Amino acid sequence: MIRLKTGTGLGAFLCVLFAGIGNVHASDIGGTISTTLTVTEDSQLVDDVTCTVPGAPCIAITASNVTLELNGFTMTGQGDARTACNGGPSTFPTPLEDGIDVQGQTDITIHGPGLIQQFRGPGIYLHNSSGAKVTGVTVSTNCFSGILVGGGSGHEISNNISVRNGNGTFPCGGI
Amino acid sequence: MFGGASRNRLRRNRLSGNGYAAQGNNFGVGIEGTGTNDNIVEDNTVTGNTNGLFMTAGVQGNVIRQNVIVGNPPVQVDLDHPSTNGVDIKNLAQTGANTFRGNRCLTSVNGPCPAVKRQVTPP
């Protein structure tokens with residue numbers, strides 16, 4: 001997506017429009033995301049994000065050396081640990097319905113401040129990746145761990161706040 | 001962390017209110033599964049979770065230092081769900097397989113608690 005210099009209203013509209021079609025190389029992200037948004041270049045949130053992607057990640061970072069700036073905005077999914085996650089997961093779902101998904105990449109940076117909340121999966125899922133930096137992010141009321149690290153190595157996860165995540169079936173929690 | 005996640009550093013995070021009482025192995029920080037080794041968990045504040053730090057059998061080489069891990073679970077969970085048996089540090093790994101240094105904690109399974117004095121240790 002081309003970085004927008006237009007007014008906030010038009011920018012938000014176009015972000016919603018582009019986010020809705022999914023699989024674009026995002027730069028500026030905001031509005032409603034209804035199919036997984038694939039990010040392959042440095043990107044940033046320019047507005048709050050509402051995710052309606054069923055059974056898949058909201059944002060998937062699919063290239064190495066990418067930075068995602070949250071810029072103080074909020075990403076909201078479709079589950080809530082406070083209300084038993086719409087019944088809660090009974091089996092380990094694949095793929096997870098997570099907020100930000102990083103699989104098999106190196107040197108990804110996810111930079112807060114920003115809030116990632118109410119996803120049926122983890123807020124952030126780093127799997128089989130290496131050298132990621134996740135800093136200054138708040139993850140809350142997600143139905144798996146706030147930040148989940150599966151395999152991989154060399155991550156720096158610092159200065160984050162992880163609160164009220166979890167479910168009643170699988171061992172999970174903050175990080 | 002699970003599935004062989006290794007050589008990661010968790011530093012200066014604040015983790016609270018995580019986990020369901022019905023899932024007694026929920027946690028603030030989790031180190032789980034074979035090969036999840038050689039991670040550093042330092043300078044974190046971990047309070048009010050089902051368990052503070054949860055380590056499964058078989059993990060090794062992890063260094064847990066200079067954390068404040070207290071109040072896990074909160075007293076109302078202890079009172080309302082006594083079967084949860086949550087603690088500040090639940091270490092199911094072999095004794096001595098991981099390093100605990102300079103943490104403040106009060107309750108544990110196979111962990112060095114209570115420890116109320118924060119020690120200065122070299123990085």
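1. Two strands pair if DSSP finds at least two bridges between them, and strands themselves are DSSP runs (E, at least two residues) numbered from the N terminus. With that in hand, look at chain A: strand 6 (residues 74–76) and strand 8 pair in the parallel sense over 3 bridges. Across that pairing, M75(A) stands opposite I116(A).

2. A quick word on what you're looking at. This is a predicted model, where local features need pLDDT of at least 70, side-chain atom pairs count only at pLDDT 80 or more, and totals for chains, interfaces and linings use all residues. Residues are numbered from 1 along each chain as its sequence is written, while chains are lettered from A and ligands numbered from 1 in the order in which they are written.

3. Now chain B. An open sheet here is made of 4 strands in the order 3-6-9-12, with parallel pairing. Strand 3 and strand 12 (108–109) are at the edges with a single partner strand each, so one side of each has no neighbour in the sheet. Inside the order, strand 6 (residues 53–55) and strand 9 (residues 89–91) are joined in parallel by 3 bridges, and M55(B) has N91(B) as its bridge partner.

4. Where do the chains meet? Contact (C-beta atoms, placed from the backbone, within 7 Å) links 32 residues of chain B with 26 residues of chain A. On the chain B side, strand 1 (9–11), strand 2 (14–16) and strand 3 (29–31) each give two or more residues. Strand pairing crosses between the chains too: strand 13 (residues 161–163) of chain A and strand 2 of chain B run parallel, joined by 3 bridges, with V163(A) opposite S16(B).

5. Leaving aside neighbours within four places in sequence, the contacts of L53(B) include F27(B), V46(B), I64(B) and I89(B).

Technical notes: Contact = placed C-beta atoms within 7 Å.
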